[in-house]
Amino acid sequence: MRIAEIPEQLLFHRLSTEGVGIDFGSARARVKTNLPACAASIRTVYGGYFADDPSGMFDVTVDLRRVRGIRAYVRPQCQLLCDGIVDQEPFPLDTSLPLLEWGTNYSLATRLYCYLLLHAGVVERGGRAIVMPAMPGSGKSTLTAALTLRGFRLLSDEFGVVRLRDARLLRMLRPLALKNESIDVIQRFEPTAVLGRRFPKTRKGTVAHLAPQPSHVDARQEVASPALVVFPRFDPAASVELHPVQKARAFARLAVNSFNCEALGPQAFEALSQLVAESSCWQLRYGDLNGAIKALRELLDEAKQVDGPGLLSDKREAVRW
Amino acid sequence: MDFGSPRSHAPQALRPLLLALSDPRSAASYDESGWDSLIPVARTARLLGVLAHRVYEHVDRSTLPERVQRHLDAGLTEARYRRQKTLFLLHTITPALSGHAGPWVLLKGAAYVAQDRPLGRGRLPTDVDLMVPRASLDGVEHALKSAGWVFEKTEEYDQHYYRAWSHELPPMVAAGQSMELDLHHTILPPIGRIKPDTARLFSDAMPVAGTAFHVLCPHDQLLHAIVHLVHDSDFIGRLRDLVDIDAMFRALPLTDADARAALIERARLHDMEKPLRMAAMLCRGWFETPGCEELISDTVTAGDSFFYGERVITLANRVLGPANALDGSERSRRRAGKLLEARSHWLRMPPWLLAYHTASKGVRSLAQWATKRQGAATG
Amino acid sequence: MPLVAVDGLRIRHFDDATVVFHPLSWDAHLLNPAAFAVLELLLQAPHSESEIIEFLEDALRDEDRPQAVAHSEKLISELRSLGLIRQTADSAIDANRRDP
């Protein structure tokens with residue numbers, strides 16, 4: 001049964017007791033909360049996911065709780081425990097979902113040294129992926145969201161998960177965080193899109209989350225091959241401009257824009273090199289979302305299909321002493 | 001290597017981790033729920049890499065669930081990165097040291113990495129501690145500055161108090177280096193209560209083959225690890241330091257009567273008998289380390305101590321483990337922590353300074369410095 | 001004193017430039033064709049500075065030749081500061097030990 005189909009009361013009961021398992025694809029979290037409002041948000045933005053059995057092993061356990069104590073009366077707050085530890089500052093009680101989302105992302109980014117994690121939005125079509133590194137002002141989230149609403153399937157909005165042994169892209173399906181004007185843009189772009197409520201006054205302005213579609217959730221274990229690396233730049237004055245980017249330069253920009261490239265050393269070097277070798281690299285300047293999507297569709301079709309290399313020279317076992 | 005079984009000093013919630021560390025073969029029988037409890041605790045205690053190293057040494061990885069392997073590998077990956085950065089730093093500073101009288105003695109984590117000993121595997125050092133003779137300190141500092149190293153803290157009172165009161169300079173950083181470099185001229189503050197025989201630290205230091213560096217002799221490495229934990233820290237979240245000490249006791253081995261006697265004699269030389277005894281009591285309580293019982297009875301003449309005795313051990317037991325594996329309430333851990341912090345400040349100040357209870361600048365600044373140093377302690 | 005490339009470098013070519021991974025610092029560097037040409041020369045065998053200059057002179061177009069000396073001095077200095085090349089007298093980096 002998908003989370004959206006579980007009665008609200010029952011879902012809250014499960015979340016506030018043993019928790020609910022949620023599988024993002026390349027990682028899974030045990031999610032708990034004792035806040036009814038947070039449970040309601042989860043029911044919306046994770047609606048397409050399944051509520052897995054919370055027993056067994058998870059990559060992280062996140063628990064969104066009300067902060068107790070005297071202060072709770074003066075300024076009600078919530079906090080997030082990740083594997084029993086509070087890593088983040090508390091948030092106002094009415095801003096629980098953003099804390100859950102950002103905190104969970106942070107936990108994943110700091111635990112998953114088993115993968116190369118790029119900071120990028122990734123979508124695919126026909127098993128061939130477009131990696132869009134996240135630079136400020138890129139409009140990466142808006143573009144990623146729009147692509148997933150026009151025939152591209154979501155791998156992740158935040159994490160480009162690269163499997164070290166063969167540079168394939170894995171999924172880390174999470175609700176897409178949209179900010180400020182982006183929320184209206186996507187709502188207009190696709191009125192049937194499932195959006196959670198807006199949270200004003202966060203550090204990043206107003207935030208709302210787009211729920212991943214059920215069919216995309218169903219594909220969470222599927223693997224994609226790198227085909228395009230696209231550096232988006234939102235420019236309201238432009239329509240759609242594409243410029244090729246030198247591969248070596250794309251390599252450098254991807255490495256710099258990653259969560260753990262440096263810590264993975266030689267394995268990351270090999271995997272990233274392979275990813276870039278197989279990809280066509282571009283800079284996309286766009287003001288028109290539909291135009292951008294069309295351009296990317298054409299680019300993906302044109303990009304030469306390069307055969308994967310099989311296993312790279314440094315297998316995962318090399319991580320051991 | 002025989003590890004023994006954990007005793008009742010450790011919180012119940014930590015027993016699975018201690019059992020897995022002490023008997024890695026037992027990990028083969030854990031189910032996914034067991035690992036689900038174990039891995040987050042190991043990670044928070046900064047022992048995931050150590051756990052991974054020990055488990056993989058004794059268990060065929062293909063018998064472990066895929067998800068478990070991924071997390072154990074993650075622990076090793078982080079450790080490998082830190083090790084690499086340590087080696088890179090050592091390689092980089094070697095030219096700057098030449099021409100200045102040595103020996104250049106690596107301390108703690110950097111030493112274990114340079115020696116490539118099992119103790120170093122899976123650890124997460126955050127800085128490189130290097131001890132050079134006092135006479136060479138200024139020259140080495142100058143050479144490092146010329147090579148692009150700068151002090152992280154530049155406030156004048158920090159600089160002054162580090163140099164005047166302490167055994168080390170403020171941490172140094174350099175472009176392209178992820179680790180900090182801490183220069184020492186001895187292992188404890190010269191004004192402190194414990195007076196190690198610094199000349200012997202240097203004269204008995206041993207070279208590390210293939211490098212320009214030395215490390216302390218085995219007894220001194222062990223004693224340094226001990227005072228670092230029981231004299232120079234507040235114990236909070238420092239289980240990994242006790243794990244190191246347990247490993248070093250076993251490597252001696254502490255069960256050998258002659259080795260034990262030599263260790264005690266060395267501790268007396270460095271004025272560290274009480275800390276040694278305390279460390280043995282802690283290891284007995286947490287790891288049942290063989291030889292501790294004998295060491296404790298052999299050092300009974302050291303006398304019971306306010307700072308290194310049973311009461312402190314009771315407090316330490318509450319705070320050594322990570323915050324996500326508590327038996328008692330968080331409040332009782334916090335309370336124990338506050339008392340141990342106060343003990344730590346007290347130990348850091350020499351007796352004659354305590355006579356000044358006025359808010360004179362000197363005392364307050366030293367207390368601030370002591371607090372700042374405490375706050376800077378990570379890794 | 002002749003110069004030589006350090007051991008254990010990982011090299012990946014792309015159409016237009018080369019990325020090189022240093023086994024000790026774990027840094028990756030972007031090398032343009034001229035820089036890589038010098039590195040490749042020193043991967044094959046040690047060469048003196050004057051030999052490197054001669055090599056670059058041959059590779060450059062006529063109009064750039066007068067700058068060969070300045071060019072190669074700069075290149076050599078950069079490659080040395082990145083640790084990609086060393087003098088043969090410098091202690092060899094034991095890449096095997098550093099890079100499990």
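A polar contact of 3.4 Å links the side chains of E158(A) and K140(A); the term stands for a pair of N or O atoms within 3.5 Å, where within protein one must be able to donate a hydrogen and the other to accept it, and residues adjacent in sequence count only if both atoms are side-chain atoms. What you have here is a predicted model, so local features need pLDDT of at least 70 and side-chain atom pairs count only at pLDDT 80 or more, while totals for chains, interfaces and linings use all residues. Residues are numbered from 1 along each chain as its sequence is written, chains are lettered from A and ligands numbered from 1 in the order in which they are written, and side-chain values use heavy atoms, with hydrogens and water left out.

Let's stay with E158(A) for a moment. You'll find E158(A) in the loop between β9 (153-156) and β10 (159-163) of chain A; helices (H or I, at least four residues) and strands (E, at least two) are DSSP runs, numbered from the N terminus. Setting aside neighbours within four places in sequence, E158(A) is in contact (heavy atoms within 4.5 Å) with N105(A), L118(A), H119(A), A120(A), K140(A) and F259(A). As for A39(A), it sits 119 residues from E158(A) in sequence and 23 Å away in space, C-alpha to C-alpha.

Now step back to chain A as a whole. Chain A splits into domain 1 (3-109) and domain 2 (115-174 + 212-320), with bounds that come from an automatic or database domain assignment. Taken over C-alpha atoms, the centres of these two domains of chain A are 28 Å apart. Domain 1 of chain A puts 15 residues into the contact, and domain 2 of chain A puts in 17.

The size of an interface is often given as the accessible area lost when the parts come together. Buried area here is the accessible area (1.4 Å probe) that two parts lose on being put together, summed over both. For domain 1 and domain 2 of chain A that comes to about 1400 Å², with 51% of it on carbon and sulfur atoms. On the domain 1 side, F24(A), S26(A) and Y49(A) supply 37% of the buried area, more than any other three residues. The two domains of chain A also share two salt bridges, each a side-chain nitrogen of Lys or Arg within 4 Å of a carboxyl oxygen of Asp or Glu. In chain A, D23(A) and R220(A) meet in a salt bridge, at 3.2 Å from N to O. Helix α4 (residues 96-111) of chain A gives the largest share of the domain 1 side, five residues.

Next, chain B. Here 31 residues of chain B are in contact with 25 residues of chain A, and the two chains bury about 2600 Å² between them, 55% of it on carbon and sulfur atoms. R67(B), R70(B) and R80(B) lose the most area on the chain B side, together 24% of what that side buries. How many salt bridges are there between chain B and chain A? The count is three. A salt bridge also joins the side chains of E262(A) and K85(B), at 3.1 Å from N to O. The elements of chain B that give two or more residues to the side touching chain A are α2 (32-44), α3 (48-58) and α4 (66-97), and α4(B) gives the most, with 15 residues. By class, that side of chain B has nine nonpolar, nine polar and 13 charged residues; Ala, Val, Leu, Ile, Met, Phe, Trp, Tyr, Cys and Pro count as nonpolar, Asp, Glu, Lys and Arg as charged, and the others, Gly among them, as polar.

That leaves chain C. Chain C has four helices and five strands, in the order β-β-β-β-α-α-α-β-α from the N terminus on, and 42% of its 100 residues count as buried. Against chain A, 15 residues of chain C are in contact with 18 residues of chain A. About 1500 Å² is buried between chain C and chain A, 66% of it from carbon and sulfur atoms. In chain C, R10(C), R12(C) and F14(C) lose the most area to chain A, together 39% of what that side buries. One salt bridge is found across this interface: R10(C) pairs with E270(A), with the closest N and O atoms 2.7 Å apart.

Technical notes: Buried < 20%, exposed > 50% of the residue type's maximum accessible area, 1.4 Å probe, protein only.
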